[in-house]
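Open the structure in your viewer and keep the selection tool ready. This tour goes from stop to stop.

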Amino acid sequence: MKKLNPLLVGASVLALGSAQAQQGNPPVATIKPKQLTTLGNTRTDNYYWLNERENPEVIKYLNAENAYFNEKMAPAKAVEGKIFNEIKGRIKEQDESVPYRDNGYYYYTRYETGGEYPIYCRKKGDLKAPEEVLLNANQMGKGKSYFAIGGYEVSDNNQIMAYGADTVSRRLYTLRFKDLKTGKVYPEAIPNTSGNAVWATDNKTVFYAKKDVTTLLPYQLYRHTLGTDPKEDKLIYEEKDNTFNLGVGRSKSKKYIYLVVGSSLSNEFRYLDAANPAGEFKVFLPREKDHLYDIEHMGDNFYVRTNWQAPNYRLMVTPTSNTAKTAWKDVIPARKDAFINGFDLFRDFLVVNERKNGLLQMRVIDWKSKQEHYLKFDEPAYMATFGANAEFDTPVLRYVYTSFTTPPSTYDYDMNTHKSTLRKQQEVLGGFKKEDYVTERTFVKARDGAMVPIAIVYKKGFKKDGNAPLLQYAYGSYGYSQDPTFSAARLSLLDRGFAYVLCHIRGGQEMGRQWFEDGRMLHKINSFNDFIDCSEYLIKEKYTSPAKLFASGASAGGLLMGAVVNMRPDLYKGIIAGVPFVDVVTTMLDESIPLTTGEYDQWGNPNQKQYYDYMLSYSPYDNVKKQAYPNMLVTTGLHDSQVQYFEPAKWVAKLRTMKTDNNLLLLHTDMAAGHGGASGRFKSINDTARQYAFMLMLLGLNS
């Protein structure tokens, strides 16, 4: 590190101290220049030191930012509390999920009044049977600032449960085992796992994935025998390529245990007979460049969803006795107009979840007659996807439907009679009526001619005169598709005259695989341009104006916010960037940072000049400049496992020294949470209420 003038350092430290002492002044982070040289190019990072999580000076700075946040948000405290109570008041506190049947038991989760966390339950054979409480997360999380169950699996004999728990929010789960007859928890505890385990049919052997505690990548598969010391567990497989990670699962038929090794563009399945846990995993098909596939087993066949010579995927079948590509045969051929999102197998039916023209469809095919039909959905924008379908021998498909105006609804669909039965719709308290709200769906022409789908919702009476506030949201990375879903919390904005807009920008997969390809690597700028073009459309069509337009995005969507605010700060009244990935080049050069190497396929490897130069051209942190920025709220969590807290902290520190305006710039760090924010259903409402209050305060709305 370059040697510093001690007088300058001392002055910076004094500035930090005075910022805390004087009301109205933002904190000033110490400047400690660090030279970062890559491929002959040198960058100076004045705030690199903020990555020292255990450094008291770092904690002091984050606490100072939190104090400044509290001071500046004080005028909005009343409206924040009001919104919190509104959102909480819409939640039915005593509630439970629709039970699903698996191996003779009905499984469900329920909440109790005042409880932050779910209670995991089951009933044997009949819904009128006595309830068995498997895990009470309220009791398990009592006294902890953070708590989350990673997943759970019950043994084939229904007697032992394996479950993972995280108390830090780093997604490093400790695996435990519980005897469901006695309620006793086995003494062995296996730390640093991915959170789930898969049982063999002997009811005593489990397979689980271990994570690297630094990179947080799951990279080792272990076999554990119940009742033995985990130190004796056998390492079954270790992935040496740090651009891949591994997971473990089990086929719906329960016959096979799967080991899945994958990156974003390539993967490989291995499988093992669950009745032979000491056996060797067989490779289904060795990994290939740019080949992604999923497998499922039924009878004497494996069914394969694959993008081999099929960008939008196709469904193929191969005998269990021969998994080579030469044996694969089409079940559903590749199509340009439909992306195969997923599939499920039943004794008499095949069900395919497809995406056509940006919308999800459910397609049912009769194995014997080959006749097929689609489920009908009437709203202009919605989400429809598989629910819990654990059993083969049933004509009933469980699916979940939701939209901007329809709360999450669980249906059972009889594939013989074509009749849907609503099993449960999330109850929204407080007088909600879906007919009070309007949904629109349209396409915005981007600057290069691409047609970007957007979905819009507002309350009846909304006027398109340019005077209404609007919140625009997008994600646009990793091929993750964002569908219009219901939010009871969002009603607090809509009821105050806001419109809400979801933009399906490139980088997602809403319009097929090419939509993803056109928004990654050397095409990433399309994501940012799409979002800006959507903003301009919304202003042109008088849904809002720059004086009342807000934009929001989180994680990779926070990258979107960072890029957009550098490119077109004039378009927005305010920006909310949640756990934002903003220091793209530095992070992608540091292989010790969690998830870095696995994301070369998304952003590029900056050790190669063309990617380094391209990433540097849009990286939000590197492109902060002397200009006016809109009001900004930036949030992070000290224990974030996905985007490290120091990225937004550095970004805010740099913005403070560069921006030429007097608009608000606030950083809020949850000192006890990670990427997903606070745990618990009520604690997390605070995050939402805080963001809504920020916008309302800027608009001068006090109620």
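Between which two strands is the loop that holds leucine 216? Select strand E12 (205-211) and strand E13 (218-225); leucine 216 is in the loop between them. Bear in mind from here on that the model is predicted.

**Stop 1**

Most residues other than glycine have a negative phi. Now check the surface. Leucine 216 has 5% relative accessibility, so it counts as buried.

Next, select glutamine 309. Look for it in the loop between strand E20 (301-306) and strand E21 (314-319). Glutamine 309 is not a glycine either, yet its phi is positive, about 55°. Is glutamine 309 buried or exposed? It is exposed, because its relative accessible area is 64% and the cut-off for exposed is over 50%.

**Stop 2: a glycine in a strand**

Select strand E8, residues 148-154, and pick out glycine 150 within it. The relative accessible area of glycine 150 is 38%, so this residue is partly exposed. Show its surroundings. Setting aside residues within four places in sequence, glycine 150 contacts Gly164, Tyr173 and Gly195. Along the chain, glycine 150 and threonine 174 are 24 residues apart. Their C-alpha atoms are separated by 9.0 Å.

**Stop 3: a serine in a helix**

Move to helix H7, residues 525-540, and select serine 527. Serine 527 counts as buried because its relative accessibility is 1%. Which residue has its backbone oxygen 2.6 Å from a polar atom of the serine 527 side chain? That residue is arginine 506. Display the other contacts as well. Not counting residues up to four places away in sequence, serine 527 touches Gly476, Ile505, Arg506, Gly507, Gly519 and Leu560.

**Stop 4: H2 against H12**

Now look at pairs of helices. Two packed helices are described by the angle between their axes and the distance between the axes. Select helix H2 (residues 56-72) together with helix H12 (residues 646-658). They pack at an angle of about 65°, and their axes are 12 Å apart. H2 and H12 are therefore roughly perpendicular to each other. The crossing of H2 past H12 is left-handed. To see the contact, show Tyr61, Leu62, Glu65 and Tyr68 on H2. On H12, show Ala649, Val652, Ala653 and Arg656. Color the contact of H2 with H12 by class: 6 residues are nonpolar, no residues are polar and 2 are charged.

**Stop 5: H3 against H13**

For the last pair, select helix H3 (residues 77-89) and helix H13 (residues 683-698). Here the packing angle is about 135°, and the axes lie 8 Å apart. H3 and H13 cross in a right-handed way. From H3, the contact takes in Val79, Glu80, Ile83, Phe84, Ile87 and Lys88. From H13, show Ile685, Asn686, Thr688, Ala689, Arg690, Tyr692, Ala693 and Leu696.

Note on methods:
Residues numbered from 1 in each chain as written. Predicted model: local features only at pLDDT ≥ 70, side-chain atom pairs only at ≥ 80, totals over all residues. Heavy atoms only, no water. Axes fitted to C-alpha atoms, helices over the stretch in contact; angles between N-to-C directions. Helix = DSSP H or I, 4+ residues; strand = E, 2+ residues; numbered from the N terminus. Left-handed = near helix turned anticlockwise from the far one by under 90°. Contact = heavy atoms within 4.5 Å. Buried < 20%, exposed > 50% of the residue type's maximum accessible area, 1.4 Å probe, protein only. Polar contact = N/O pair within 3.5 Å; in protein donor to acceptor, adjacent residues only side chain to side chain. Parallel < 35°, antiparallel > 145°, perpendicular 65-115°, else oblique. Nonpolar A, V, L, I, M, F, W, Y, C, P; charged D, E, K, R; others polar.
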